[in-house]
Amino acid sequence: MKLTVAEKIIKDHLVTGDLIRGSEIGLKIDQTLTQDSTGTMAYLQFEAIGVDRVKTKKSVAYIDHNMLQTGPENADDHLYIQTVAKKYGIYFSKPGNGICHQVHLERFGVPGETLLGSDSHTPTCGGLGMLAIGAGGLDVAVAMAGGEYYITMPYIVKVGLTGKLNLGVSAKDIILEVLKRYKVVGGLNKIFEYTGEGVKSLSVPERATITNMGAELGATTSIFPSDEITYEFLKLQGREKEYKNIVADDGAFYDEEIIINLDELEPMVACPHSPDNVVSVSTLKDIKVNQVAIGSCTNSSYMDLMKVAEILDGKTISEDVSLVISPGSKQVLNMLAVNGGLSKLISAGARILESGCGPCIGMGQAPITDGISLRTFNRNFKGRCGTPSANVYLVSPEVAAVSALTGYITDPSIYMEDINIFMPERFLINDNLIVNPADYGEDIDIIRGPNIKPFPKSKELGREIKGKVLIKVRDDITTDHIMPSDAKLLPYRSNIPYLSDYCLTPCDIEFPKRAKENGGGIIVAGFNYGQGSSREHAALVPVYLGIKSIIAKSFARIHKQNLINNGIIPLVFENADDFNNIDMLDELAIENMLEQINEDKIIVNNRTKSKAYKLILDITERQRDMLKAGGLLNMKGE
Ligand code: F3S
């Protein structure tokens, strides 16, 4: 049978199921990663499962999100993660070593292996031919404990790249073009597999930019073949022994196919407030910029920042622009320091931040009120930057750097003539910020600061679900809306009771109070509820508030699984117009829940309006058992 790259890796890791699209499959997971924002909870869950050592080939705990230390909370969480990692056989990447995806690509990713990460941009490692999937913390905890990871066997989209990028056009513009075509929901249950002549002209970090931002499509993952370019990258990282050639068979079947001619691509920009709101830079006229932020797991590689350094070399940024740069890793920052790139950035007027997520997760550098911020990041949801009234545009490093000079969003094409950046002869390898795990059986104390609180457990499914509609929200509600992640809240990632006072407050400030007064209830939502990150807190906090079910027009993939893992029932309107027939505080009831949970269609009664609606419960038998038990951890405890 002729197979695609994704199918080859899936076949090698199948524990249950087969390659039939739309059916449930269980995958063996080789590697896991966590970051600190989701990691604390994932390790608490891992401890609750009760195994004495991780069962994966390699698991890595990164500190990259919550790096500001304005109080002891973040530092305490870091120490918990460091000690729990040491005890259970997990590598620990210290603060300052870099963003999880950038470092994982550099130092750990292996072609042909599976990677499950508690961060939605885990597909970054698809850039070197890895099947890399973002998931909730509990799924990652289960994978660390040796359990398989279940997904719906995705449809595979062939993205054929022809031609070669013109000067000033970059990998970021390729993924922006895909987002323009597929939008933020167009990738659900799909893998985007890149192929064709154009692939050969893209380095691994450029491929990783594309697979990283493929997360914004709602896709299961994105992947490139592992070829001679992959070999070169691994060799420069001193890891050529980990290379494996993986290319699609001639004549392999793809479910869909699109072609992007790189010759015709222009510099693109995702306008506020969605990554799919994409137009060509050349169509924007005279948009004055207040802030330029370069970095994030999408665009902070050595080559990205060297391009920026060369563009800025000998020049000064606009007096009206604040330029902040966060290198993706210690390796990137160190190489810029050694080769003089850092000096070029500083001389031009850039402010250099530490290697981490920084402004991408709202940890500092909020723009001015009503400001225009140009960012090389992957998300521009309203308010994510820390300034609710700001407008964030997503662009390539080239557009960002040139616009920092001119003060306006500018097409970089004519500024690029003398700029030529090549891969270095060797990456600077120094892993001294990676702490190795202890030997098995070594006595390690796990240190838990006062900020670390137990996570909420949901109860077994009852005979009836009833409750008031506590909130009605529009389409495309993100995990940032459900559980905001600004610099003030991030330090409380392991303190669910504290966070509960902020749940869904960007939509309705009264929601937490109403939920607590009513002892929980039901959320009603539009399409694509829970898009964005893998943030499990967007399920854990509703569990704490007593939310029993969410009735939506549709759900984002990772969030739906997080809800099920934590015992919240994700129901979809059979007739989307019924959304309009339900009002806030209507009393809803699902009777005979224990019988109805086995059905694909469920009836909910609106007792306030004496009406009934049909809902769809599109889940697998295994997921039904999980909901009956009140969540995955309750099942593991059986
Ligand atoms: Fe960090 Fe932003 Fe990526 S928060 S992991 S840099 S999407």
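Residues are numbered from 1 along each chain as its sequence is written, and side-chain values use heavy atoms, with hydrogens and water left out. In this predicted model, local features need pLDDT of at least 70 and side-chain atom pairs count only at pLDDT 80 or more, while totals for chains, interfaces and linings use all residues.

We can begin with an open sheet. Its 4 strands come in the order β11-β10-β9-β12 with parallel pairing; helices (H or I, at least four residues) and strands (E, at least two) are DSSP runs numbered from the N terminus, and two strands pair if DSSP finds at least two bridges between them. At the edges sit β11 (221–223) and β12 (256–261), each pairing on one side only. On average, neighbouring strands of this sheet are turned by 20 degrees against each other, direction ignored. Strand β9 (residues 155–162) is joined to β12 in the parallel sense over 6 bridges, and valine 157 stands opposite glutamate 256 in β12.

Two helices lie across this sheet. Helix α1 (residues 5–13) lies across β9, β10 (190–195) and β11, and runs at about 125 degrees to β10. Helix α6 (residues 171–182) lies across β9, β10 and β12, at about 135 degrees to β12. For these angles, axes are lines fitted to C-alpha atoms, for helices over the stretch in contact (heavy atoms within 4.5 Å), and values run from 0 to 180 degrees between N-to-C directions.

Next comes a closed barrel of 7 strands, which runs β21-β22-β23-β24-β27-β26-β25 with mixed pairing. Here the neighbouring strands are turned by 40 degrees against each other on average, again with direction ignored. Strand β26 (residues 601–606) and strand β27 (residues 611–616) pair in the antiparallel sense over 6 bridges, and asparagine 606 stands opposite lysine 611 in β27.

Some elements are well covered. All of helix α5 (residues 137–144) is involved: 8 of its 8 residues are buried, where buried means under 20% relative accessible area, exposed over 50% and partly exposed in between (1.4 Å probe, protein chains only). Among them are Leu138, Asp139 and Met144. Glycine 146 follows α5 and has a positive phi, near 100 degrees. Strand β15 (residues 291–294) is covered on both faces, with Gln291 and Ala293 buried on one side and Val292 and Ile294 on the other. β15 pairs with strand β16 (residues 322–325) in the parallel sense over 4 bridges, and isoleucine 294 has isoleucine 325 of β16 as its bridge partner.

Helix α17 (residues 557–565) and helix α19 (residues 621–629) pack at an angle of about 45 degrees, with their axes 8 Å apart. The two helices are therefore oblique to each other; angles under 35 degrees count as roughly parallel, over 145 as roughly antiparallel, 65 to 115 as roughly perpendicular and the rest as oblique. Gln561, Ile564 and Asn565 of α17 meet Gln623, Met626 and Leu627 of α19 in this contact.

Finally, the cysteines: the count comes to 0 disulfides, a disulfide being a pair of cysteine sulfur atoms within 2.5 Å. The sulfur of cysteine 507 lies 9.1 Å from the closest cysteine sulfur, in cysteine 503, too far for a bond. Cysteine 507 is partly exposed, with a relative accessible area of 33%, whereas cysteine 357 is buried at 9%.
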